[in-house]
Amino acid sequence: MMRIKFPNSYFEEVDTNIRLVWRNTLYADFEKSLLEKAIRRKFKIKPEISVENGYLVVNTENEEIEKFIAFLIQSHLGEFLKNRYTRRKVLYIHEGMEVPLLGYNGFGLIDRGTNLIQVRGSTGCNLSCIFCSVDEGPYSRTRLLDYVVDVDYLLKWFDEVARFKGKGLEAHLDGQGEPLLYPFIVELVQGLRENPNVSVISLQSNGALLNDKLVEELAEAGLDRVNLSIHSLDPEKAKMLMGMKDYDLNHVLEMAEALINAGIDVLLAPVIIFGINDNEAEAFIEFVRKIGAGKRWPALGFQNYVPYKFGRRPTVKFLSFKEFYAWLRALEEKTGMRPLVLRPEHFGMHRRRFIPLQFHVGEVVKVKVILPGRIEGEMLGTARNRLIEIINTNAKVGDEIKVKIVRTRHGIYVGTPV
């Protein structure tokens with residue numbers, strides 16, 4: 001009998017499929033009968049394939065068959081790759097595809113004219129928060145696929161941006177979803193820590209995918225801070241807000257302490273929905289004090305719920321920012337917790353020269369369509385070594401079309417066909 005296992009992966013048997021789970025967040029299903037048929041044709045034997053303790057087991061000792069199976073799976077991996085949490089098809093972005101990593105807000109890098117660079121290695125989320133601004137997670141009704149960017153390619157682009165921006169940068173790992181779904185998260189932190197222009201590495205996370213081993217690995221890799229999204233300290237209310245019946249608040253609270261014990265600072269970042277969780281503000285303050293959060297940066301970053309056009313919109317009231325900041329100042333006075341009204345300087349953020357824009361609003365540009373978008377009617381195109389989100393289009397990959405640029409803010413380009 002031959003037992004096969006690939007690096008950073010394991011096998012499962014799911015119905016009539018052999019499932020390869022890769023780096024815990026991705027998977028690909030291969031029909032068992034087709035694998036057996038391919039082996040039978042190639043080697044003139046009658047194979048039997050099964051899964052045992054994460055290994056693929058084949059009733060043979062022929063090493064050539066192992067190489068053949070590895071070739072079959074690896075050559076078709078991109079075709080079948082899916083996100084384990086959203087179940088959506090995954091497009092794997094690597095250097096050979098020549099996809100620019102500036103210009104789009106779904107993946108790549110975003111420069112907003114400061115010393116902080118947003119680093120987005122993947123899309124997708126393990127939770128379905130009822131107020132999600134981009135309708136992410138397993139229950140999304142609008143998101144059609146996910147992306148994963150090869151870590152070496154992402155670091156290559158980051159290095160170019162960092163050389164332009166200069167020293168003293170903060171690399172902030174975030175995204176349209178949960179950054180811990182990125183299968184190379186530890187390697188990404190390691191690579192960023194080796195960059196001489198990076199001073200701080202921070203991560204936005206809901207914390208549900210953390211475990212003791214991952215916390216230790218992230219600490220050793222050089223992660224400085226986690227902005228932890230916890231929106232209620234009541235387990236049932238937290239499940240409701242996170243949109244998942246199996247959300248384990250106690251686990252996330254334990255991981256908050258584990259991060260601090262590992263030397264990673266924590267900033268608690270609750271989204272405040274008035275009438276639902278604003279009455280927990282003082283409990284949040286008590287919690288961060290108890291665990292010792294906020295050693296180098298503020299311990300709390302209360303966020304005001306704001307409805308977004310393409311996000312989920314619970315039927316709740318929301319405060320203007322003037323009212324919200326007044327609420328925060330009153331909370332500072334009552335509890336002595338400062339600062340709650342946060343400013344860029346609390347995080348060492350300052351203005352920094354902006355990567356020059358490649359397009360201006362109203363400009364008509366010839367664009368090559370290279371990738372499908374994440375929602376219906378959206379495609380991604382490239383021109384002048386930048387990505388452009390093309391909306392309201394019926395174009396297909398490979399088409400060359402003219403688009404009118406309608407947005408350039410923060411180097412995120414959106415265009416419509418003309």
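A residue is called buried under 20% relative accessible area, exposed over 50% and partly exposed in between, with a 1.4 Å probe and protein chains only. N304 has 10% relative accessibility and therefore counts as buried. The model is predicted: local features need pLDDT of at least 70, side-chain atom pairs count only at pLDDT 80 or more, and totals for chains, interfaces and linings use all residues. Residues are numbered from 1 along each chain as its sequence is written, and side-chain values use heavy atoms, with hydrogens and water left out.

N304 lies in strand β17, residues 303–304. Helices (H or I, at least four residues) and strands (E, at least two) are DSSP runs, numbered from the N terminus. The N304 side chain reaches the backbone oxygen of L319 at 2.8 Å. Contacts (heavy atoms within 4.5 Å) link N304 to I272, F274, L319, S320, F321 and F324, leaving out residues up to four places away in sequence.

Two packed helices are described by the angle and the distance between their axes. Helix α8 spans residues 281–291 and helix α9 residues 321–335. Their axes, lines fitted to C-alpha atoms over the stretch in contact, with angles from 0 to 180 degrees between N-to-C directions, come within 11 Å and cross at roughly 55°. That makes α8 oblique to α9; angles under 35 degrees count as roughly parallel, over 145 as roughly antiparallel, 65 to 115 as roughly perpendicular and the rest as oblique. From α8, A281, E282, I285 and R289 meet W327, L331, K334 and T335 of α9.

Key: Polar contact = N/O pair within 3.5 Å; in protein donor to acceptor, adjacent residues only side chain to side chain.
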